[in-house]
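Hi,

Here is the structure I promised to pass on. My notes follow below it; have a look at the model alongside them.

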Amino acid sequence: MGERRYKKLFFIAAEGVKTEPIYFGIFTDETSIVHVSYLKGKHDSSPPQVLKRMTDHLKNKELKSYDEAWLVVDKDQWTDEQLTQLYQWSLQQENYGFALSNPKFEYWLLLHFEDGVGIKSSHDCTDRLKRWIQDYDKGINMRKISQEQINDAISRAKKRDHPPCKDWPRTLGQTTIYRLIENILKSSKGFVK
């Protein structure tokens with residue numbers, strides 16, 4: 001009798017209840033060798049609430065050494081103290097991660113289409129994204145995102161994260177989400193859908 005291959009798990013707890021689950025959903029399906037599990041919250045989106053969602057989940061779910069657990073948040077108005085809490089958590093295990101977009105997740109999406117230079121505010125970020133996705137309203141048709149665009153976003157984010165930040169991006173117009181996406185792609189040996 002054949003042996004079923006184990007799927008590497010990526011557990012992601014994030015602030016968003018709409019955009020992030022849609023985006024991370026493209027990296028998993030029945031045929032992929034990774035499984036991305038998005039830990040949904042209702043409206044509990046502060047960094048401590050995101051961290052609590054993850055720690056509660058990990059109490060009930062065994063995280064194998066080859067699985068990964070990631071916290072994904074926006075800089076928004078969150079304090080350095082709140083973000084330090086998430087960063088410190090990510091240092092506890094080799095397979096824990098912390099990714100932040102400054103000012104928000106939409107900045108990561110914007111990098112799929114352009115360099116994202118000169119972002120001055122959260123509002124500016126959304127306006128720029130709407131140039132590419134006219135009807136953008138916290139939802140995105142992921143069929144409009146290609147493997148090439150994801151690779152471009154990774155490349156652009158890396159370029160902006162130079163030298164690489166140790167904890168999280170403190171400057172507007174930076175993101176470390178590319179680190180999570182690189183891990184997913186490396187584990188799945190390419191684009192899944």
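Pro-163 sits in the loop between α6 (147-160) and β5 (174-175), and the peptide bond joining His-162 to Pro-163 is cis, with omega about 0°. Helices here are DSSP runs of H or I with at least four residues, strands are E runs of at least two, and both are numbered from the N terminus. There is another cis bond from Asn-102 to Pro-103, with omega near 20°; Pro-103 is in the loop between β4 (96-102) and α4 (105-110).

Before you go further: this is a predicted model, so to speak of local features I need pLDDT of at least 70, and side-chain atom pairs count only at pLDDT 80 or more, while totals for chains, interfaces and linings use all residues. Residues are numbered from 1 along each chain as its sequence is written, and side-chain values use heavy atoms, with hydrogens and water left out.

On to strand β5, where Thr-175 lies. Thr-175 counts as buried because its relative accessibility is 2% (buried is under 20% relative accessible area, exposed over 50%, partly exposed in between, with a 1.4 Å probe and protein chains only). Its side chain makes a 2.6 Å polar contact with the side chain of Ser-101, and the Thr-175 side chain also reaches the backbone oxygen of Leu-100 at 3.4 Å. By polar contact I mean a pair of N or O atoms within 3.5 Å; within protein, one must be able to donate a hydrogen and the other to accept it, and residues adjacent in sequence count only if both atoms are side-chain atoms. Setting aside neighbours within four places in sequence, the contacts of Thr-175 (heavy atoms within 4.5 Å) include Tyr-107, Trp-108, Leu-111, Ala-157 and Pro-169.

What does the side chain of Glu-15 make a polar contact with? The side chain of Trp-78, at 3.0 Å. Glu-15 is in the loop between β1 (8-14) and α1 (19-25), and at 9% relative accessibility Glu-15 counts as buried. Beyond four places in sequence, Glu-15 touches, among others, Tyr-38, Ser-45, Val-50 and Asp-76. Asp-76 has a positive phi of about 40° although it is not a glycine. Asp-76 lies in the loop between β3 (68-74) and α3 and, at 34% relative accessibility, counts as partly exposed.

Then the helix pair. The axes of α2 (residues 47-60) and α3 (residues 80-90) come within 8 Å and cross at roughly 25° (axes are lines fitted to C-alpha atoms, for helices over the stretch in contact, with angles from 0 to 180 degrees between N-to-C directions). That makes α2 roughly parallel to α3, a label for angles under 35 degrees; over 145 is roughly antiparallel, 65 to 115 roughly perpendicular and the rest oblique. Among the residues that meet are Leu-51, Met-54 and Leu-58 in α2, and Leu-83, Leu-86 and Trp-89 in α3.

Last, the cores, meaning sets of buried Ala, Val, Leu, Ile, Met, Phe, Trp, Tyr and Cys residues joined through side-chain atoms within 4.5 Å. The largest nonpolar core has 38 residues, and those touching the most other members include Tyr-23, Phe-24, Trp-108 and Ile-181. Its largest share, six residues, comes from α7. Another core, of 20 residues, lies apart from it, with Leu-9, Leu-39, Met-54 and Leu-71 among its members.

Cheers
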